[in-house]
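Biologist: I've got a model open and I'd like to learn how to read its helix packing and its pockets. Can you walk me through it?

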Amino acid sequence: MINVTLPDGSKREFADGASPLDVAESISKSLAKKALAARVNGELRDLKRPLDADCAVAIVTDKDPDGLELIRHDAAHVLAQAVQALYPDAQVTIGPVIDDGFYYDFARKTPFSTDDFDKIEAKMKEIVDADYPIVREVWEKDAAIAEFKRIGEDYKAQIIDDIIPPGEAITLYRQGDWFDLCRGPHLPSTGKLPKAFKLMKMAGAYWRGDSKNEMLQRMYGTAWANEKDLKEHLTRLEEAEKRDHRKLGRQLDLFHMQEEGRGMVFWHEKGLTLWRVIEAYVRRRLEAANYVEVRTPQVLDRKFWEQSGHWEKYRENMFVCETEEDETLSLKPMNCPGHVQIFKFGQKSYRDLPLRMAEFGACHRYEPSGALHGLMRVRAFTQDDAHIFCREDQIEEETANFITLARSIHADFGMETDHIALATRPEKRAGSDEFWDKAETQMLSAARAAGVEPVIAEGDGAFYAPKLDFVIKDAIGRTWTCGTIQLDYVLPERLGAEYIAEDGQKHRPVMLHRAILGSLERFIGVLIENYAGAFPMWLSPVQVVVAAISDDAAGQYAEDVAAELRKAGLRVEVDRRNETINYKVREHSLAKVPVIAVVGAREAQERKLALRRLGSNGQQIITLDEALVSLAEEALPPDVKRAR
RNA sequence: GCCGGCAUAGCUCAGCUGGUAGAGCACCUGAUUUGUAAUCAGGGGGUCACGGGUUCGAGUCCUGUUGCCGGCACCA
């Protein structure tokens, strides 16, 4: 007999060999029908896999996050089965679950096209209708390799060979005449897979994520518990597309890019206004946090980059030019070496530390063409860079303070950090294990001191030290690093930075590289998508449009109002065009101007404004004097507002 | 950089199996002077990304290049 404890704490007895399905059936027929898998002592297992001892059992249905993951995982298997049924020359490789869906990588000479999707989806539905039982089988490693080789699945054979320790058994899952290597668990049969799936896109992907390997064809799909969830997801994607910063950048006349300057941005007046507001805000915050601001040369001699080590490692990513006098120069790809030169100028004492040196530094990197992406990844960008020169015992406090500052700034922009990643020692690295142990511990405890629990990004650190990255999501869920802090012992050494300590001797400072926005470009890109272009008042390039109902009756008054508002510090435009007020309201609403001040004969008469807020269709009639005070207050940057 | 897709007016897009370009918006001109999301009429505007080829004839077919889009790899 097996004693089973259910999630509500009740216990039931079952005969030996009973499975979670029997447990579900004993509870109710409908639960058994809805059951997809089970958690046995916390471990996710197949519904029909017999229980081996007394245990706790929780039935998993499609209401569970676990259930959804099973659905997606099975959808990947059904996809692979369908593809191989239709295209026997395609080999299977891997097919994991991802956010909102799954993908499967196939190896096949002929490219797949999205035109094949209808056919494949239809086949998938056939497989669901056929309701093949999904059966778990345990195989010897060598037998499994032989079997996959026999049927021509070289990639699978290689996976088993590489990842399974010798002698260990593996599991295969069989559905109909098709089977795949899989840890499981799976649904009890293909009929349990809801038909709420859809193939989304084709893409190339390197075998095992290594660009030295051949490229496979990746098919992305999405899968949900029901048709309604699928539809909602597709609607969400459509909505997200409207927030795309590249689209809004054009619509709102913020910036543009063109062929002759790949990865370079032409900032239009409105975009630059946004830029300057952001820059001014960050500058105030840095000043308040005791940073000093500097500016270093844009182009420097090759020798300088050789000394810093960049020439050797990143030559192919640098913009290099030659002069008539046979000098080789490079546009700076980063600001750090320049800052070290300022640090080295004259003598520094321990009393000068920590020295926080900031620069809105324009950097150029020749990024691989395929990496370019709107404002998010460009070749010319401006970092809100700073380097903190400090003693080793100041690292933790400086890091913690930085995290607090960065979080406060992100919060002022209404940005939600997806997570903070602690990137740890990479395979190729400088420094001893003791160094890395210490450095990683320092970063971690600094993060915790600032009230943050970082997500560990194994092996993602720079070669010289670990780093903490602030990761933010864009409209469609892609993640971007906005903000970082990196520990560096190497550059001060290479470039010979030193200070005089209390003992009168020369010592090497530690350098903390840090950025809060990352780059102005990327940050603005993320900002546009976060707000869908409808910026809060303080960021909005145009804060108020004064729209005259008729030029004869209120044109001059509109100009007067605008002049007053500008005097109060607001960014204002006047619209006296010979158009209906409906037309003007529509146009400025589409331009996402936060406040439209409508003025007609009545307002001109009474020195009033009819204010209309973006997103509401009511109006608020107030006197010009009241408006001057309240709008000016409303337009204050958050830090200035707090200081009042 | 790699795999796949796409490229027509300022923008969004139509243009079937090849027969020498079209709409809406925007722009310009005129009329209208307007009360909270599109006033009416008229007009101008395109080497169909660029180069080569097939053809009597190419926006349409083939090919090369460039750029963009979606991923992968990269991101000091």
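This is a predicted model: local features need pLDDT of at least 70, side-chain atom pairs count only at pLDDT 80 or more; totals for chains, interfaces and linings use all residues.

Biologist: How do helix 5 and helix 6 cross?

Modeller: Two packed helices are described by the angle between their axes and the distance between the axes. Here the axes of helix 5 (residues 141-150) and helix 6 (residues 154-163) come within 8 Å, crossing at roughly 165°. An angle over 145 degrees counts as roughly antiparallel, so that is how helix 5 runs relative to helix 6. Their crossing is left-handed.

Biologist: Which residues in helix 5 meet helix 6?

Modeller: On helix 5, look at Lys141, Ala144, Ile145, Phe148 and Lys149; they meet Lys156, Ala157, Ile160 and Asp161 of helix 6. That contact has five nonpolar residues, four charged and no polar.

Biologist: Now the pockets. How much space lies in the largest pocket?

Modeller: Rolling a probe the size of a water molecule over the atoms shows where empty space is left. In this model, the largest pocket holds about 1500 Å³. Of its 47 lining residues, Met334, Arg365, Tyr464, Lys467 and Gln486 lie nearest the centre. Strand 25 gives the most to that lining, six residues. By type, the lining has 19 nonpolar, 15 polar and 13 charged residues.

Biologist: And what lines the second largest pocket?

Modeller: That pocket, with about 860 Å³ of space, has 28 lining residues, and Asp100, Lys201, His233, Leu237 and Ile476 lie nearest its centre. Helix 7 supplies the largest share, six residues. The lining divides into 13 charged, nine nonpolar and six polar residues.

Notes: Residues are numbered from 1 along each chain as its sequence is written. Chains are lettered from A and ligands numbered from 1 in the order in which they are written. Side-chain values use heavy atoms; hydrogens and water are left out. Axes are lines fitted to C-alpha atoms, for helices over the stretch in contact, and angles run from 0 to 180 degrees between N-to-C directions. Helices (H or I, at least four residues) and strands (E, at least two) are DSSP runs, numbered from the N terminus. Angles under 35 degrees count as roughly parallel, over 145 as roughly antiparallel, 65 to 115 as roughly perpendicular and the rest as oblique. A crossing is left-handed if the near helix is turned anticlockwise from the far one by less than a right angle, and right-handed if clockwise. Contact means heavy atoms within 4.5 Å. Ala, Val, Leu, Ile, Met, Phe, Trp, Tyr, Cys and Pro count as nonpolar, Asp, Glu, Lys and Arg as charged, and the others, Gly among them, as polar. On a 1 Å grid over the protein atoms alone, a cavity is a set of points where a 1.4 Å probe fits but cannot get out, and a pocket is an open set with protein on both sides within 12 Å along at least five of seven lines; lining residues have an atom within 4 Å of a point. Grid points are joined across faces, edges and corners, and a volume is the space filled by probe spheres set on the points.
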